[in-house]
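Hi everyone, thanks for coming. Let me put the structure up, and then we can walk through a few spots together.

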Amino acid sequence: MNAPTPTQWWTSATIYQVYLRSFHDASGDGIGDLRGALEKIDYLQDLGINTLWLAPFYASPNLDAGYDISDYESVNPEQGTIDDLRRLVDAAHARGMRVLADMVMNHTSDKHSWFQASRSSTTNPKRDWYIWRPGRQANGKEPPNNWRSILGPRGWQWDEKTREWYWASFLPCQPDLNYRNPEVQQAMLDVVRRWLAFGFDGFRLDIFHALFKDDSFADNPFSPRILPTEENPDGFLQSFRATLHHPDTLHFARTLRKVVDEFQNPPRFLIGEVFGQPEFLRKYCEGDDGLHAVFLFKAMQTPFGAREYRSLIQEFERDMPAPLLPTWVFGNHDRMRKGERLDHHPGREKLCAASQLTARGIPCIYNGEEIGMRDLPLPLAGAHDPVAGLYGFLPEFVARILHRQGILLNRDACRTPMQWSSAPNAGFTGQGNTPWLPVHPEYASNNVEASSRWVRGRPPPAARRPSRTWARRAPCSSSKRPRSSASSAKRPA
Ligand code: GLC
């Protein structure tokens, strides 16, 4: 008989996503930082969560809010210093919490020295670290094939200097690494080891399903689907067969797991951002030698109702039976906030939280969800989110309609600063500072301080939630939205 597997810490994890830029600003530049998160560590402990997921803190030109990494080894000065990171991780550990880093393995920033070398000439030793292909037609100006990026437009980017195309699954400023090159695998696995040795308890793996592409570079087949969904990444009239969920990515999950298993006391944990049907996504976790969990985004698309939730739980139990672990995700920094889906009905939000926190699996909470923070729809023009730039040609009303369907063309909407109190700037940053995104106007009545009073039995004087009608009329399209100095950096900490 096999010895029973000891229960690992992640089987009882409750993950809380700290979207650093919007969580709490200690330095006063209007951008959330590591010291700010440290100042709130007791709040996090009081909440009862036991695992933090920190959004990327690495050096970055911030064209995609830190998901465009220019140096995996250093901390972005906007977020603080390596010592700030040390203190935060230590403080979490001292309180019995685990800390996950966000690991963006699929792509780097185009400002990363690897890509700078790679694009410098076709013979540079790092040329093959990224995915370069000659174009079609005599002048090479036709992209190598029909592949689209995850966001819809063509994913191939023309490089005038070397007259070839490079592949970017997400934005043009985020060239994909070439995982078919063993040196790349080695370099990224070393990055992984470096942060595990630092003390991280594991990683949230950014668009992990995009890592390997079909090396025949054959066209992607036609699909009648227009828009991708959480459960089906095909869209824009294309099946993403060659570009997502390649079998070699499933294999690499095992390679990564072996590296992570080199670190014990405590054992380390991997949770993948992958999109698709749970019954397919389980392949990433099966066999006890792959990822420990993947985000299941299906709950976000499930209408709120007893029957629907019951069948969702049954489905997750069927597709992710023990010892596999389902995950309960209702929002994150890319998606419509949970409260929006539930019409900001406090009763529904409580019931939803109750099922999220009691169903078997890992609850994943996005910061602000615990107080029912709502989205602040902001215009596409002038957005920080580069995705909004991509779709800036669309009329605003289209963006609003899509938002109501749960599709955010401007992810700034769900990234507004955490509402800590009714103090100016919601206590996110000091009075007189300019937050990098506007604070939601309802912060005066809906904030952590007010909610804590309410939990302790003293409802705040003002109505806790404005009505839905009010929400639709919220002055959120103000042209006076402050612009950030985010990418131009920060005063010294
Ligand atoms: C993931 C992140 C998102 C980022 C993208 C590219 O989906 O959650 O914020 O823009 O990957 O790295």
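Glu442 counts as buried, because its relative accessibility is 3%, under the 20% cut-off. Keep in mind that this is a predicted model. So what does Glu442 form a salt bridge with? The partner is Arg374, and the closest N and O atoms are 3.2 Å apart. Glu442 sits in the loop between helix H13 and helix H14, while Arg374 sits in the loop between strand S13 and helix H12, so the link joins distant parts of the chain, 68 residues apart. Arg374 is buried too, also at 3% relative accessibility.

Now have a look at Glu164 and Arg127, whose side chains meet in a salt bridge at 2.8 Å, N to O. Glu164 belongs to strand S8 and Arg127 to the loop between H5 and S6, so this pair ties together parts 37 residues apart in sequence. Both are buried: Glu164 has a relative accessible area of 18%, and Arg127 has 7%.

In total, the structure holds 35 salt bridges. Some are joined up: Asp64, Asp334, Asp385, Arg411 and Arg415 are linked in a network.

Let's move to helix H5, residues 113–120, where Trp114, Phe115 and Ser118 are buried. Seen down the helix axis, these buried residues fall within an arc of 90°, so they line one face of H5. They pack against strands S4, S6 and S8 and helix H6.

Last stop, the surface: Phe222, Ile226, Leu227 and Leu237 form a nonpolar patch there, with about 420 Å² of accessible area together. Leu227, in the loop between strand S9 and helix H7, counts as partly exposed at 40% relative accessibility. Thanks, and happy to chat!

Methods: Residues numbered from 1 in each chain as written. Predicted model: local features only at pLDDT ≥ 70, side-chain atom pairs only at ≥ 80, totals over all residues. Heavy atoms only, no water. Buried < 20%, exposed > 50% of the residue type's maximum accessible area, 1.4 Å probe, protein only. Helix = DSSP H or I, 4+ residues; strand = E, 2+ residues; numbered from the N terminus. Arc of directions from axis to C-beta. Contact = heavy atoms within 4.5 Å. Patch = residues over 30% accessible without salt bridge, like charges linked within 9 Å, V, L, I, M, F, W, Y side chains within 5 Å. Areas by Shrake-Rupley, 256 points an atom, 1.4 Å probe, with all protein chains shown as cover. Salt bridge = Lys/Arg side-chain N within 4 Å of Asp/Glu carboxyl O.
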